[in-house]
Amino acid sequence: MSDIAAKRETNRVESENPSHKVKRAKADDDNGQEEVGKESEAENILHGFKTCKVLSDSAREKNIFIHGKFADKEAVVILEKTPIREDTLADLFSGSMLKLEMRNDIYSTYRLQAPHHLNEIKTTVVCPATEKHVKKYQRQESFLVEETGEDYQSITLPYIQQQSFSLQWVYNILEKKAEADRVVFEDPDPKVGFVLLPDFKWDQKQVDDLYLIALAHCRGIRSLRDLKSEHLPLLQNIFEKGKEAIMQRYNIPASKLRVYLHYQPSYYHLHVHFTKLGYEAPGCGVERAHLLADVIQNLQSDSQYYKTRTLYFPLRAEDRLLSKFKETGRL
């Protein structure tokens, strides 16, 4: 599936079998039991990176996505400027060097060279990267797809089943084999429980761009299409306890949160996004995001709502699912 560009802190390495979809920075031992591969803070793993091409960049989001190689392994490196934080302003003003570029009446512009510790670039490394990763981060034209309930059964579901997207990284988190130290809250109930942890798009240094993900313990729910009224206790539990946990940890009330699901999701295990209202998180637009409150209300009205409902979502030009819709004359 198409995914949020961005990915979204400190240097981290995503390592997984090339046939699998990588979503989080992780590295497991041969038995998949422990997180390993945490580089020394001073180590520069990029010194051997050879650039092939720039996949995309954004002056607005201040990031760049680069395809290259580490020796014989394909890789994608993502560089992103970190936000300026209020608690660093005193150091920034007192410790920076300024070079005048222009002065006109009351206006002047400068090049500011910030102190080393305030001049970080968040770096994400995906290695080994598959063709899917390269396409995922490559700038492409997007198309809005109209999917009926019948389209899902005849086009989308067979595509999902054929692709066999790996969810091992999700199960590692749920089973506490990876990222256990990042968990903000957990309800361990196997039916209605979930794990809440920060998304890698959020560096956790300020709450203005707060972004957390709730991963359901219940397995087998791929997306909105699988949700029925029997899942209401699970959805309501995530909605209420997720908001409570964020209030307790970050002092952000429910009235300042955007809580939603994606369709299409970027991985097929039920998860819910919690972002700060006012932060334009990637993928929070109406063409992809569905507010959890609306999802709950729709299922209360009709248990089969998402089985039969026509849904719309964007796909990028080289997405294979888009090709499936074109082949059947649906686009």
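Leu79 stands opposite Thr123 in strand S7. The structure is a predicted model, in which local features need pLDDT of at least 70 and side-chain atom pairs count only at pLDDT 80 or more, whereas totals for chains, interfaces and linings use all residues. Residues are numbered from 1 along each chain as its sequence is written, and side-chain values use heavy atoms, with hydrogens and water left out.

Strand S4, spanning residues 73–81, pairs with S7 in the antiparallel sense over six bridges; two strands are taken to pair if DSSP finds at least two bridges between them. Strands (E, at least two residues) and helices (H or I, at least four residues) are DSSP runs, numbered from the N terminus. Strand S7 comprises residues 121–126, and because five of its six residues are buried, this strand is largely enclosed by the rest of the structure. Buried denotes under 20% relative accessible area, exposed over 50%, and partly exposed the range in between, for a 1.4 Å probe and protein chains only.

Cis peptide bonds occur in loops of the model. One joins Cys127 and Pro128, with omega about 0 degrees; Pro128 lies in the loop between S7 and helix H2 (131–137). The peptide bond from Tyr263 to Gln264 is also cis, with omega near -10 degrees, and Gln264 is placed in the loop between strand S12 (257–262) and strand S13 (271–276).

Lys176, a residue other than glycine, has phi near 65 degrees. Glu179, found in the loop between H4 and S9, has a positive phi of about 60 degrees although it is not a glycine. Glu179 is buried, with a relative accessible area of 1%.
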